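Reader: Hi! I'm new to this structure. Could you walk me through it?

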Amino acid sequence: MANFETVEVNTDLLIVGGGMAATGAAVEAAYWGKKNNVKVTLVDKAAVDRSGAVAMGLSAINQYVDLRTGKNTVKDYVDYVRNDLMGITREDLVASIARHVDSTVHLFEKWGLPIWKDAEGNYVHEGRWQLMINGESYKVVVAEAAKNALGMDNIYERVFIVEPLMDGDKCSGAVGFSTRENKFYVFKAKAVLVAMGGAVHVFKPRSSGEGLGRAWYPPWNSGSSAYFTIKAGAEMTCQEVRFIPVRFKDAYGPVGAWFLLFKSRAISAAGGEYMVERKEELEKWLPYGKVKPIPANLRNWLGMMDVMDGKGPLVMKTEEAIQKIADELKDDPKGYKKKMKELEEEAWEDFLDMTISQAILWASTNTFPEQEPSEIAAAEPYFIGSHSGASGAWVSGPKDLAPKDYFWGYTNMATVKGMFCAGDASGASSHKFSSGSHAEGRIAAKAAIDYIVKEKPNHKYDNNAINALKETILKPMDIFATHGKETSDPNVNPNYIRPKQFMFRLQKIMDEYAGGVSAQFKTNKPLLEKGMKLLDYLKEDSTKLAAADLHELMRCWENIQRMWQAEAHVRTILFREETRWPGYYYRADTPTIDKNWEKFVNLKYDVKTDKWDVFTKDIHHIF
Ligand code: SFD
Ligand code: AMP
C-alpha cells in the first residue's frame, strides 16, 4: 500500500467543507462551543479564503427577507419558494432559514462586505429578495470571520474528505487525505456537520477543449456532500430536482441582474420574446404556470421551446435595457452621459464580481453590452440544493415549526444520528443561496452543539475498518505505481482507467440517457434504464481508477462521488412518473404534471445490503 502517514485528529464537532454554510457554522459553533467546552474543527479540500461557489465573489446577496421594515414576511418567502419549486418544498426548513437570514446579512456588513446603498442609506435591491453588493471579496470576508472564531489551529485546509466514519447508526467522524502531502487523515468526532457543496460535472458540460472546466457552478463541488450522506445511510430527498440555469453562453455569466435590476428582455433570433409569445404554454403547468414570478424552470422551458423549434440563438437585449434606463435622462445631456457610463460599469462589474471569465469573453469578443445583445443558453444540469434545485439530505426541521414527521430532535440533523447538513448538503429547502446557506450553517451548528452537550456521544472506533478504508482510498495510487509504466502512453492501459477518462464516461452516460444538453434535457424510462445499466458497469470499473499523484487521487474520488450522485438522480427520475419541472428535465413518456405526484421522492442506500430504497413522503403545509 502507498506509504502514507496516518494523522488522527480528535474533536467534538467536525465541520466538513469550508464554503458559505461551513463558515456560518464555524462562527456559530465557536460561540456555543466556547460556552459549553465543545471543541470545533473545520476541514476543507481547498483554502477557505477562496473555496467553494463564492471563490470568485458574487455581485448579489440573493436571499434577504427584510423583516425589519415589515415589507415582507416569512410566509411571503415560503410562498415564493414553494411556487418556484412547483409545490415540492419543506416549508418548515425554508421558514427556518428565512427568519434568520437577515441577521446573517447584517453580520456580513459588520464584517466589512460592501452592500450597495441608495441616497437615503437603504440597501439597493436587485429584485424583491436580492441585494446588490461589491462582492469580489465576499468569500474572504466570511472566511476571516470563521478563522477568527475557530483559530487556525482548528482549521485543516487542502484535506479532501472521502468517507464518513460510523459507530453503528451514529456518525462518528470522517476520513480523507491531504492533497499536498502523503497523509491520510482520520477525524474522530462526536458529531459531523456536512457542508461540502453540490455537484458539478456529473453531466457533460457545454464547455469542451480549451474551455473544459468552465461551468456556472464551481467544478470543485463534486458531489462530496451527497456521497458522504448517502454512504452514511442518510435518507436523501429531491434527488431528481437538479438545476439548469440560463446563463450568458460559454462563460456562464449570471442573468439575474439583467432581468431584475436592468429589466432586460430576452428574445430569440426570430425576434420574438418567448416569455410573451409562449404564454399559453404556461396553462399546461397549472397551478404553477400562473404564479408570479414565473418559476425558474418554466422560464427556462419557454426559451428551450424556441431553441427546439430552431429559433435560436436566444439573446439578452443588454443594449436595449441600458438605453431604456439612460433615456430617462435624455433631456439632460450631462446626466445622460454620466448615467450611460455608470450603467456600463455596473454591467461589467456584475461579471467581474462573480464570473470573471464572462468579462474576459466579452472583452475578447469585442462585446459592448451597451451596443449589442449577448447570447444566452440553458446550461448543463447541476445538483445544488441551495439555489433553484433542491437535492440534498432529508433533515429534521425546527421543533416550533416542523410537522410531526419532519421532526426528530435536532434541527438540520439528517436521519443519521450526529450528522447535520446545511447549504447544498440539505435538501427540499431551495433558494437559500449564499446568505441562506450561511444562516443555515449557523442553525445547524447550534443544533449540533446542543446534540453533543445533551447526548454526550462516546464513540467506539474499529481500527481494522479504518485501515481498510485507508487501503481503499489510496488504491488508485497503488494501481498506477504497479502498472503505470507498462504502456508507452500512460492514458492507454488495460489495467486501469484514469480519472479524466472516467469522468468523460460518466458525463456521456448522463448526457445521453438522463437528459443532458445534447438530449435537449429529455429522457424516458427505457433511456433511464439503459443509463442505469451503464452506470453499473462504470461502478464496476471505479475500482480500477488509477492516480499518478495526489492531485489525481483527489480527481479519482471526486469522480466516484459524482457517480453516486448520478445514480441517486437516475433512480429518482425513474421513480417519479410525471414531468413536474419541464425546464429542468422532461420525461417524454410521462409528459405532464400530475397532482398525485405532489409528493417528495426520497431514497436511501443500505451499505450492508448494497440496496437502494426509493419511496414517497407527504408534503405538509404549515402556511
Ligand atoms: O446569481 C470539500 N450563488 C449565489 N448566491 C447569492 O446569494 N448571490 C448570487 O449572486 C449568487 N450567484 C452565484 C452563486 C454561485 C456561483 C458559483 C455563481 C453565481 C457563479 C450561490 C451560492 O454561492 C451558493 O448557494 C452557496 O455558496 C452554497 O453554499 P455551500 O456551503 O453549500 O457550498 P459552497 O459555498 O460551494 O462550499 C462548499 C465547500 O465544500 C468544500 N468541499 N471539503 C472537504 N472535502 C471535500 N471532499 C469537499 N468537497 C467540497 C469546498 O472546498 C467548499 O469550501 S447567482 O448566479 O445565482
Ligand atoms: P440568477 O442570476 O439567474 O441566479 O438569478 C439571481 C436571482 O434572481 C435568483 O433569485 C433568481 O431566482 C432571480 N431571477 C433571475 N431571473 C429572474 C426573472 N426573470 N424573474 C424573476 N426572478 C428572477
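This is a predicted model: local features need pLDDT of at least 70, side-chain atom pairs count only at pLDDT 80 or more; totals for chains, interfaces and linings use all residues.

Reader: Thanks! How many residues surround ligand 1, and which are the closest?

Author: There are 37 around ligand 1, and Asp44, Ala60, Ser386, His387 and Ser434 are the closest. A residue counts as near if one of its heavy atoms lies within 4 Å of the molecule.

Reader: And what polar atoms lie by the oxygen atoms of ligand 1?

Author: A polar backbone atom of Ala21 is 2.8 Å from one oxygen atom of ligand 1, and a polar backbone atom of Asn62 is 3.0 Å from an oxygen atom of the ligand. Asn221 uses its side chain: a polar atom there lies 2.8 Å from a ligand oxygen. A polar contact here is a pair of N or O atoms within 3.5 Å; within protein, one must be able to donate a hydrogen and the other to accept it, and residues adjacent in sequence count only if both atoms are side-chain atoms.

Reader: How much of ligand 1 does the protein cover?

Author: Of the 1100 Å² of accessible area that ligand 1 has on its own, the protein covers 98%. Those areas come from the Shrake-Rupley method with a 1.4 Å probe.

Reader: What classes of residue are in the shell around ligand 1?

Author: The shell has 18 nonpolar, 15 polar and four charged residues. Ala, Val, Leu, Ile, Met, Phe, Trp, Tyr, Cys and Pro count as nonpolar, Asp, Glu, Lys and Arg as charged, and the others, Gly among them, as polar.

Reader: What about polar atoms by ligand 2?

Author: A polar side-chain atom of Tyr80 lies 3.4 Å from an oxygen atom of ligand 2. A nitrogen atom of the ligand is 3.4 Å from an N or O atom in the side chain of Arg299. The protein covers 86% of the 480 Å² of accessible area that ligand 2 has on its own.

Reader: New topic: how many disulfides are there?

Author: Zero, in a search of the whole structure, where a disulfide is a pair of cysteine sulfur atoms within 2.5 Å. For Cys238, the nearest cysteine sulfur, that of Cys421, is 14 Å away.

Reader: Is Cys238 buried or exposed?

Author: Cys238 counts as buried because its relative accessibility is 1%. Buried means under 20% relative accessible area, exposed over 50%, and partly exposed in between (1.4 Å probe, protein chains only).

Reader: And where is Glu372?

Author: Glu372 sits in the loop between helix H12 (356–364) and strand E15 (374–378). At 29% relative accessibility, Glu372 is partly exposed. Glu372 and Thr318 are 54 residues apart in sequence and 6.8 Å apart in space, C-alpha to C-alpha.

Definitions and conventions: Residues are numbered from 1 along each chain as its sequence is written. Chains are lettered from A and ligands numbered from 1 in the order in which they are written. Side-chain values use heavy atoms; hydrogens and water are left out. Helices (H or I, at least four residues) and strands (E, at least two) are DSSP runs, numbered from the N terminus.
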